[in-house]
Amino acid sequence: MSTVWLVVLVVGGATVAFKATGPVLLGGRTLPPAIAEVVALLAPVLLAALVVTQAVGGDDDLVLDARLAGVGAGAVAIAARAPLPAVVVVAAAATALARLFT
Amino acid sequence: MSSFVSRYRDGARAASAVAATVWFFGASFGLVARAAGMGVLAPLVMSATTFAGSAQFAVTSILGAGGGGAAAIAAAVLLNARYAPISISVAPLFRGRLPRRLLESQLIVDESWALASRGGGRFDRRILLGAGLLLYVSWVSGTAVGVLAGDALGDPKDLGLDGAFPALFLALLAPQLRAPRAAAAAALGAVIALALIPVTPAGTPIVAASAACLLGLRRRL
């Protein structure tokens with residue numbers, strides 16, 4: 001098997017397994033209250049980590065670039081209670097503009 | 001009933017803006033995967049099974065630079081390890097027989113999961129699966145166009161689409177920050193991720209940040 005196919009199949013298999021972890025092992029069950037309290041915080045924690053890594057993450061270092069302008073403009077739109085699609089469009093436009101002028 | 005329908009419509013509307021962005025990135029993945037020597041079929045199979053942008057781009061950049069299969073696998077597996085905690089957070093939404101739970105779980109992706117999040121640990125099953133399906137079709141069809149005709153589309157970065165994702169996640173995080181404990185956990189998670197980005201391989205910061213949810217073990221905060 002070629003390297004490309006080996007990578008595609010191993011990564012695909014591993015990702016399918018990661019995504020199936022909760023639904024297959026715990027699916028439909030009600031978690032004990034203490035665990036549920038912890039799991040309930042996964043959403044804000046992982047969302048915050050995604051914001052950070054997508055805004056300033058690079059291959060293996062912090063990268064400050066036009067994405068910051070996008071997040072900043074997005075934050076203003078969020079504070080102004082803009083609907084979600086508008087936030088996405090404003091952020092993309094600000095990022096593109098900042099990239100054009102830097 | 002009407003509020004349920006309007007909420008569902010809001011979800012679909014939000015998902016369609018995100019789907020367009022995801023489609024462009026799928027096309028861009030197809031283009032760079034082909035340029036990295038992955039051929040036509042392998043990138044398509046990868047989009048259909050892995051369905052996670054950052055890991056797939058990492059693979060193309062490592063293989064394209066002659067980095068070897070083991071390095072590509074390690075990076076992608078590390079990047080996608082976050083889907084273990086993410087899938088645990090939505091586990092109660094998945095019912096029925098095992099094959100069905102397995103199949104539906106593959107519609108979990110950062111964006112569908114984030115759109116479905118309602119705060120306080122609650123998630124909307126219809127939005128998770130509806131948005132997930134839409135994004136899956138966008139990602140795979142984008143990849144197909146990218147491997148075949150990607151040159152004609154240009155770079156999604158010129159459209160600023162890479163800056164749209166962090167803003168999207170911020171918009172979905174903001175309403176959850178009203179609960180003091182969620183705000184504290186989110187801040188801790190962000191600090192952990194920020195501190196680890198310069199010193200660990202990509203993927204590790206997000207997985208390590210999930211430890212911040214252990215704040216849930218404290219009775220008061």
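Predicted model: local features only at pLDDT ≥ 70, side-chain atom pairs only at ≥ 80, totals over all residues.
This is a short walk through chain B, the side of chain A that touches it, and the core.

Let's begin with chain B. The secondary structure there comes to 11 helices and 2 strands. The C-alpha trace of chain B spans about 55 × 45 × 40 Å along its principal axes.

So how does chain B stand against a compact globule? For 221 residues, such a globule would have a radius of gyration near 17 Å, and chain B comes out at 18 Å, so the two agree. On burial, 54% of the 221 residues of chain B count as buried. And take the contacts in chain B with a separation of 6 or more: 68% of them are between residues 24 or more positions apart.

Now, over to where the chains meet. We have 70 residues of chain A in contact with 88 residues of chain B. Which parts of chain A supply that side? Helices α1, α2 (33-40), α3 (42-56), α4 (67-79) and α5 (84-100) of chain A each give at least two residues. The largest share is from α1(A), with 20 residues. By class, this side of chain A has 49 nonpolar residues, 14 polar and 7 charged.

While we're on that helix, look at A:Ala17. You'll find A:Ala17 in α1 of chain A, which covers residues 3-26. For a sense of distance, A:Ala17 and A:Gly72 are 55 residues apart in sequence, and C-alpha to C-alpha they are 36 Å apart in space.

Last stop, the core. The largest nonpolar core has 110 residues, and the ones with the most contacts inside it are A:Val45 and A:Leu47. Helix α1 of chain B, residues 2-35, brings the largest share of this core, 13 residues.

So what does A:Val45 touch? Leaving out residues up to four places away in sequence, the list is B:Ala185, B:Ala186, B:Gly189, B:Ala209, B:Ser210, B:Ala212 and B:Cys213. If you have the structure open, go to A:Val45 and pick out those chain B residues around it.

How values were computed: Residues numbered from 1 in each chain as written. Chains lettered and ligands numbered in written order. Helix = DSSP H or I, 4+ residues; strand = E, 2+ residues; numbered from the N terminus. Contact = placed C-beta atoms within 7 Å. Nonpolar A, V, L, I, M, F, W, Y, C, P; charged D, E, K, R; others polar. Rg over C-alpha atoms; globule rule 2.2 N^0.38 Å. Buried ≥ 20, exposed ≤ 12 C-beta atoms within 10 Å, placed from the backbone. Core = buried A, V, L, I, M, F, W, Y, C linked by C-beta atoms within 7 Å.
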